[in-house]
Amino acid sequence: MRRYGRNADEDDIRVRPNRKGNRPRTSIRPKHEDAAEGMVLTVDRGRITCLVGDRTITAMKARELGRKAAVVGDRVSLVGDLSGGKDTLARIVRIGERSSVLRRTADDDDPYERVVVANADQLAIVTALADPEPRPRLVDRCLVAAFDGGLEPLLVMTKSDLAPPEKLLELYGALDIPYVVTNREELYDGGAADRVREHLAGRTTAFVGHSGVGKTTLVNALVPEERRRSTGHVNAVTGRGRHTTTSALALPLAGAGGWVIDTPGVRSFGLHHVDPSRVIHAFPDLEPGTEGCPRACSHDEPDCALDAWVEEGHADTARLYSLRRLLATRERHEGD
């Protein structure tokens with residue numbers, strides 16, 4: 001082994017040649033100032049479909065993004081082959097700041113948080129009035145996720161030909177949530193679809209609901225040129241449908257300037273990620289009453305100042321009941 005003395009000359013130092021002939025690595029990342037802007041339409045096993053201008057591009061996430069994942073609705077910057085041709089692949093190098101997020105966990109004690117949709121304006125919560133029976137606790141959980149993530153809720157009730165909507169509406173009347181009542185026959189003749197479309201114009205709306213409620217059937221009626229396979233099957237024993245939508249997909253709402261995001265049917269909606277203190281922001285008529293609450297008040301305890309606030313006539317009793325019902329959803333399971 002060759003050894004060098006204290007006063008070795010530069011010519012004496014051996015340098016291993018770079019066989020690849022490329023430049024050494026650097027911690028300075030390119031800025032990609034020429035990157036094109038796009039929107040994520042769907043994500044499937046690492047392949048991300050984006051809309052860039054009027055072209056659909058297939059892309060992958062750049063390594064420098066680390067663990068940050070792109071989800072449907074994200075505004076992204078792309079480089080590479082942006083032609084949209086067959087077998088071409090681009091790279092997502094930046095993910096823009098999100099104006100809203102719809103998040104959920106598998107269960108309330110599961111710390112793993114999953115972002116389902118980004119940058120949606122509205123969350124359409126689809127529930128059947130019968131076959132399967134309504135699950136108000138799941139609807140409550142979706143409402144909490146909407147309020148927490150910065151989305152405005154819209155309640156869409158399907159299958160009104162099988163049961164009336166009045167009983168379910170009583171639960172949510174105090175929340176002043178916009179709603180639409182539909183049935184299968186009206187979807188086909190266009191009347192119900194038009195009523196729903198009025199709430200979607202110019203907005204990005206994510207649709208969520210458990211399996212078998214007719215969510216994908218509704219999406220197909222709204223965007224007939226992009227039909228997805230519907231379920232139509234509800235298990236007679238469990239009262240639950242089969243999953244037919246396996247990944248979230250953003251679809252343009254023709255003639256209305258909006259977007260419809262269809263998401264897979266859910267059987268649970270965990271809220272481990274939700275800070276209960278943020279739910280009160282969805283009740284502006286009650287929020288001033290919390291100034292007299294003790295520190296870290298759950299708003300459902302004897303010392304809560306909201307009871308006196310309501311008794312003094314500042315807000316409706318039904319509103320306080322609704323708030324506490326939503327806050328209690330983290331303590332319950334959907335099957336309760």
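## A tour of the predicted chain

Start with Pro132, which sits in the loop between strand 8 (122-128) and helix 1 (136-149). The model is predicted, so treat each stop as a feature of that model. Select Asp131 together with Pro132: the peptide bond joining them is cis. Its omega is about 5°.

**Two loops with positive phi**

Move on to Lys159. This residue is in the loop between strand 9 (152-158) and helix 2 (166-172). Lys159 is not a glycine, yet its phi is positive, about 60°. Is Lys159 buried or exposed? It counts as buried, because its relative accessibility is 18% and the cut-off for buried is under 20%.

Now follow helix 2 out to its other loop. Asp176 lies there, between helix 2 and strand 10 (179-181). Asp176 also is not a glycine and has a positive phi, about 55°. Asp176 counts as exposed, with a relative accessibility of 66%.

**A helix crossing**

Select helix 4 (residues 191-200) and helix 5 (residues 215-222). Their axes come within 10 Å and cross at roughly 80°. Helix 4 is therefore roughly perpendicular to helix 5. Which residues make the contact? Show Ala193, Val196, Arg197 and Leu200 on helix 4. On helix 5, show Leu218, Ala221 and Leu222. Colour them by class: 6 are nonpolar, none is polar and 1 is charged.

**The cysteines**

Go next to Cys293, Cys297 and Cys304 and display the sulfur atoms. The sulfur of Cys293 has its closest cysteine sulfur in Cys304, 3.9 Å away. For Cys297, the closest cysteine sulfur is in Cys293, at 4.0 Å. The disulfide count comes to 0.

Cys293 is buried, at 15% relative accessible area. Cys297 is buried too, at 13%.

**Zoom out**

Finish with the whole chain. Colour by secondary structure to bring up 7 helices and 13 strands. The chain has 336 residues, and 47% of them count as buried.

Last, consider contacts between residues at least 6 apart in sequence. How many of these join residues at least 24 apart? The share is 65%.

Note on methods: Residues are numbered from 1 along each chain as its sequence is written. This is a predicted model: local features need pLDDT of at least 70, side-chain atom pairs count only at pLDDT 80 or more; totals for chains, interfaces and linings use all residues. Side-chain values use heavy atoms; hydrogens and water are left out. Axes are lines fitted to C-alpha atoms, for helices over the stretch in contact, and angles run from 0 to 180 degrees between N-to-C directions. Helices (H or I, at least four residues) and strands (E, at least two) are DSSP runs, numbered from the N terminus. Angles under 35 degrees count as roughly parallel, over 145 as roughly antiparallel, 65 to 115 as roughly perpendicular and the rest as oblique. Contact means heavy atoms within 4.5 Å. Ala, Val, Leu, Ile, Met, Phe, Trp, Tyr, Cys and Pro count as nonpolar, Asp, Glu, Lys and Arg as charged, and the others, Gly among them, as polar. A disulfide is a pair of cysteine sulfur atoms within 2.5 Å. Buried means under 20% relative accessible area, exposed over 50%, partly exposed in between (1.4 Å probe, protein chains only).
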